[in-house]
Amino acid sequence: MARKSAASLDALILLGAEKLAQVILDEAETNPSFRKRVTAALVSTKGPDAVAKLIDRRLAALERARAMVAWEKERAFAEDLGATVETITKELGPLSPVHAVQRLLRFVDSHGSVFDRIDDSNGRIQDVYWQASEAIPDFVGKLPPEELARLPERLQVSLGKDTHGLAPRIGIAVAPLLPETVLAAWDAMLQKHDDAAGFVEIRQAIADARGDLDEFLALEVRRPEWRQEPLKAAERLLAANRLDEALLWVRREKKGGVAFATESDIADGRINRVHDLERVRLEARILEAMKDRPAAQALRWAAFEATLDADILRDYIRKLDDFIEDEEQDRAFAVAAASPHPYTALAFFIAWPRLDLASKLVLEKREFWDGRHYGALGDSAAALEEDFPLAATVLYRVLLNAILARAKSPAYGHGARYLAKLGELGERIPEDSGLENHATYFLGLKKAHGRKVGFWSIVDGKNRA
């Protein structure tokens, strides 16, 4: 549990203005970013124009800079950028949303030149720019009508300078905040740049804001196939009760996209696509809206059989008629137990949860498990510890054996932890379990791996602790 801070607003007020001012001055002496915030707070007493002038000086310096930023100065540079954003959002924004939006956009426009000057492999600098872009819609919502009318033209400038998808993201976020007349004018402006990255997505956001579903779909068709999102189109059509069209869109094959694999999938040697289960869920909803629940349920069941996904099965169970849930659950558990993908089946039983069936699977396939798949087996072992110590022991031994057999010294700390767990579990395993007792297993480890001094030194250290 994190230690509770003694600082609170009421407690700080009790310190008194003089003592607080001294604390602030002391911190400002050694913390340049904090000093800038203090300076901005002092300037804010003179009104928004004074704060804007201060920020403009900082932005002008940022725009002029061309020197590379050394890696050891990267953190301080990120803090300095963050201080500029905080000055805009916390000092300038409350005084003048108009000034704040203008400066935030100007700051975001600097990202291309900044990224050319620094290696941002850890994403710290990019996070500051994302935060700045995400702050803009809040202030846009407070702009007067005449400023809203000017905003699209200003965003076009940002779109022209964009290199990392920040400006399109801003355009998509602010579209719902603009009045119809402004949206229409902006859409006409964007039509001249349809092929540019991000422009079509903004036009779709405008179509959404205007309630023009046909325009949204027409724009979706014009996007390159690998960038099309059939599920987004189908979701909108379902909401509009245009069910036949929704079914056609949801069944369109998604081109490209990112494949993914859980640790269990990797262990079983297969890869899924992130949108496959999303498509099944959406198609089932569309079929139910079309009054075809049998087809929706058949789709869910087939998806469960193929993936052993617990959430899909829950969807299926929820939609069953009364009094047959238990029977269908048992049928699903039988499918999982007989699956040719044991790691996926184990993950399913753990997630449901049916730890008794997970334990049974572990014991039935005790010679199958491979300790190299520590991500899949470690979590399962931990879940089984309390109620099924024998199955947990099987998995922890598999994990430890793999570490020592391959002499994976970076994992010796994990191995020592597994061995300690095995010692605790060994006291709870009955003699007739069919598994050699912990003492015998320990002696076998010593005999086979006694020369792995690095491992045993960690074990001895843990024992002494």
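**Close-up views of a predicted model**

Phe-333 is found in helix α20; helices are DSSP runs of H or I with at least four residues, numbered from the N terminus. The model is predicted, and local features need pLDDT of at least 70, side-chain atom pairs count only at pLDDT 80 or more, and totals for chains, interfaces and linings use all residues. Residues are numbered from 1 along each chain as its sequence is written, and side-chain values use heavy atoms, with hydrogens and water left out.

**View 1. Surroundings of Phe-333.** With a relative accessible area of 6%, Phe-333 is buried (buried means under 20% relative accessible area, exposed over 50%, partly exposed in between, with a 1.4 Å probe and protein chains only). Leaving aside residues up to four places away in sequence, Phe-333 touches Phe-348, Phe-349, Trp-352, Arg-354 and Leu-357; contact means heavy atoms within 4.5 Å.

**View 2. Aromatic pairs.** The whole structure contains 17 aromatic pairs. Rings of Phe, Tyr and Trp (its six-membered ring) pair if their centres lie within 6.5 Å; planes under 30 degrees apart count as stacked, over 60 as edge-to-face and the rest as tilted. Phe-333 and Trp-352 form an edge-to-face pair, 6.1 Å centre to centre with 80° between the planes. Because Phe-333 lies in helix α20 (residues 325–337) and Trp-352 in the loop between α21 (342–351) and α22 (355–364), this pair ties together parts that are 19 residues apart in sequence. Another edge-to-face pair joins Phe-368 and Trp-369, at 5.6 Å centre to centre and 75° between the planes. Phe-368 is partly exposed at 42% relative accessible area, whereas Trp-369 is buried at 6%.

**View 3. Ring cluster and charges over rings.** Trp-301, Phe-304, Tyr-316, Phe-333, Phe-348, Phe-349 and Trp-352 are linked into a cluster by ring pairs. Arg-314 lies over the face of Trp-352, 4.9 Å from the ring centre, and the charged end of Arg-331 sits over the ring of Trp-301, 3.8 Å from its centre. A charge sits over a ring if NZ of Lys or CZ of Arg is within 6 Å of the ring centre and within 35 degrees of the ring normal.

**View 4. The largest nonpolar core.** Among the 76 residues of this core, Leu-313, Phe-348, Trp-369, Leu-400 and Phe-455 touch the most other members. A nonpolar core is a set of buried Ala, Val, Leu, Ile, Met, Phe, Trp, Tyr and Cys residues joined through side-chain atoms within 4.5 Å. Helix α24 (residues 389–405) supplies the largest share of the core, 11 residues. Residues up to four places away in sequence not being counted, Leu-400 touches Gly-415, Tyr-418, Leu-419, Leu-422, Tyr-441, Leu-445 and Phe-455.

**View 5. Backbone features.** Most residues other than glycine have a negative phi, and most peptide bonds are trans. The peptide bond from Trp-352 to Pro-353 is cis, with omega near 0°; Pro-353 lies in the loop between α21 and α22. Leu-308, in the loop between α18 (293–307) and α19 (310–318), has a positive phi of about 55° although it is not a glycine. Phe-323, in the loop between α19 and α20, has a positive phi near 75°. Leu-308 is buried at 6% relative accessibility, whereas Phe-323 is exposed, with a relative accessible area of 80%.

Notes
Helix = DSSP H or I, 4+ residues; strand = E, 2+ residues; numbered from the N terminus.
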